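Colleague: I have not looked at this structure before, and I would like to go through it with you in a few questions.

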Amino acid sequence: MPDWDNIFTEQGRVFNEPHQDMTRLVELFQDRDVTRILDLGCGTGRHLIFLSRMGFEVYGFDASPKALSLAQQWLDEEGLTADIQTHRMEEPFPYGSGFFDAVISIQVIHHNLMADILTTVGEVERVMKPGGVLLVSVPVMHMGPVEKEHDWDCREVGTGTYIPHKGPESGIPHHYFTPAELTRVLSAFNPLELYIDDTDHRCFLGVKR
Ligand SMILES: C[S@@+](CC[C@H](N)C(=O)[O-])C[C@H]1O[C@@H](n2cnc3c(N)ncnc32)[C@H](O)[C@@H]1O
C-alpha cells in the first residue's frame with residue numbers, strides 16, 4: 001500500500017521552504033525563552049533545518065524512515081544538528097514529561113482516526129511544559145472530501161475522517177477538523193490565533209495552560 005515512505009522515496013524532499021509563519025514564530029519563541037522544540041511529524045526536515053539554524057535545540061520524529069534519512073542528509077549538508085528518530089505519533093512519545101518548551105506539527109496530526117488523534121494530543125500535552133507554545137496545522141475541507149479534484153475515491157470512515165482508495169495517499173486517513181472541533185481537541189491550550197494559512201491549512205497557535 002502506498003504511504004508517506006513511498007511518496008518521499010519517489011519525490012524526495014517534497015517540502016523545501018518553511019511554513020510561512022516560522023519567522024514570526026521564532027520571535028514568539030524568543031519572547032517566551034523557548035529553547036527545546038519538538039517537530040512532530042518532521043518529514044524531510046524543512047523545520048528542523050530552519051529552527052536548528054536559528055539556534056534552538058531541535059527534536060523530531062516521523063513514521064517514515066525515508067523522510068528521516070533525507071532529513072539527516074539535509075542536516076549534514078548544512079552542518080546542523082537535530083535529534084531525530086522513527087516513531088509513530090499514536091504511540092507513547094519517547095520523551096519525558098514536560099521536556100519541551102514548544103511543539104510544532106505542520107500537516108501531520110490529521111493523518112489518523114480520531115481515537116488516535118486524541119492519543120497524540122494527549123502525548124503532546126504530556127511532553128510540554130506549562131506555558132509551552134504549540135503550532136498545529138491541518139487541512140481545510142473546502143472543496144469536498146480529500147482533494148476531490150484528484151479523484152482519490154475517498155470513503156468516510158468516521159465523522160469528518162476519509163480514507164482515499166486511489167492516488168498517492170491511498171490508505172492514509174485524513175481527518176478534517178471544524179474550527180470548533182480543533183479548539184476542543186486542543187482545549188489544554190489557550191488559543192492565541194486560529195487562522196487559515198496560504199496553503200489552505202487551518203492553524204492553531206496556542207499556549208499550554
Ligand atoms: C504532509 S507531510 C508534512 C511533513 C512536515 N511536517 C513538513 O511540514 O514538512 C506529513 C508527514 O506526516 C508523517 N506521518 C503520517 N502519519 C504519521 C504517524 N502516524 N506518525 C508519525 N508521522 C506520521 C508522514 O510521514 C509525513 O512526513
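The questions below go from the sheet to the helices, and then to a hairpin and a single histidine.

Colleague: Which strands are the edge strands of the open sheet of seven strands?

Modeller: Bear in mind that this is a predicted model. The sheet has mixed pairing and the order E3-E2-E1-E4-E5-E10-E9, with a twist that averages 15 degrees from one strand to the next. An edge strand pairs on one side only, and this holds for E3 and strand E9 (189–196).

Colleague: In strand E2 (residues 57–62), which residue stands opposite Asp-83 in E3?

Modeller: Strands of a sheet pair through backbone hydrogen bonds, either parallel or antiparallel. Here E2 and E3 pair in the parallel sense, over four bridges. The residue that stands opposite Asp-83 is Tyr-59.

Colleague: Is H2 parallel or oblique to H3?

Modeller: Helix H2 (residues 22–31) and helix H3 (residues 46–53) have axes 11 Å apart and pack at an angle of about 45 degrees. Angles under 35 degrees would count as roughly parallel, and the angle here is about 45 degrees, so H2 is placed as oblique to H3. On the H2 side, Met-22, Thr-23, Val-26 and Phe-29 meet His-47, Phe-50 and Leu-51 of H3, and the crossing is right-handed. The relation of H2 to H3 is therefore oblique.

Colleague: How is H3 placed against helix H4 (residues 65–78), roughly parallel or roughly antiparallel?

Modeller: The axes of H3 and H4 come within 9 Å and cross at roughly 30 degrees. The contact is made by Arg-46, Leu-48, Ile-49 and Arg-53 of H3 with Ala-71, Trp-74, Leu-75 and Glu-78 of H4. Because angles under 35 degrees fall into that class, H3 and H4 are roughly parallel.

Colleague: In the hairpin of E6 and E7, which residue in the turn has a positive phi?

Modeller: Strand E6 (residues 154–158) and strand E7 (residues 161–164) run antiparallel and are joined by four bridges, with Gly-158 opposite Thr-161. Two residues lie between the strands, and the one in the turn with a positive phi, of about 80 degrees, is Gly-160.

Colleague: Is His-87 buried or exposed?

Modeller: His-87 is found in the loop between strand E3 (83–86) and strand E4 (100–106), where its contacts include Phe-61, Asp-62 and Phe-93. A polar atom of the His-87 side chain lies 3.4 Å from the backbone oxygen of Glu-91. Because its relative accessibility is 16%, under the 20% cut-off, His-87 counts as buried.

Terms used: Residues are numbered from 1 along each chain as its sequence is written. This is a predicted model: local features need pLDDT of at least 70, side-chain atom pairs count only at pLDDT 80 or more; totals for chains, interfaces and linings use all residues. Side-chain values use heavy atoms; hydrogens and water are left out. Buried means under 20% relative accessible area, exposed over 50%, partly exposed in between (1.4 Å probe, protein chains only). A polar contact is a pair of N or O atoms within 3.5 Å; within protein, one must be able to donate a hydrogen and the other to accept it, and residues adjacent in sequence count only if both atoms are side-chain atoms. Contact means heavy atoms within 4.5 Å. Two strands pair if DSSP finds at least two bridges between them. Axes are lines fitted to C-alpha atoms, for helices over the stretch in contact, and angles run from 0 to 180 degrees between N-to-C directions. Angles under 35 degrees count as roughly parallel, over 145 as roughly antiparallel, 65 to 115 as roughly perpendicular and the rest as oblique. A crossing is left-handed if the near helix is turned anticlockwise from the far one by less than a right angle, and right-handed if clockwise. Lists of a residue's contacts leave out its neighbours within four places in sequence.
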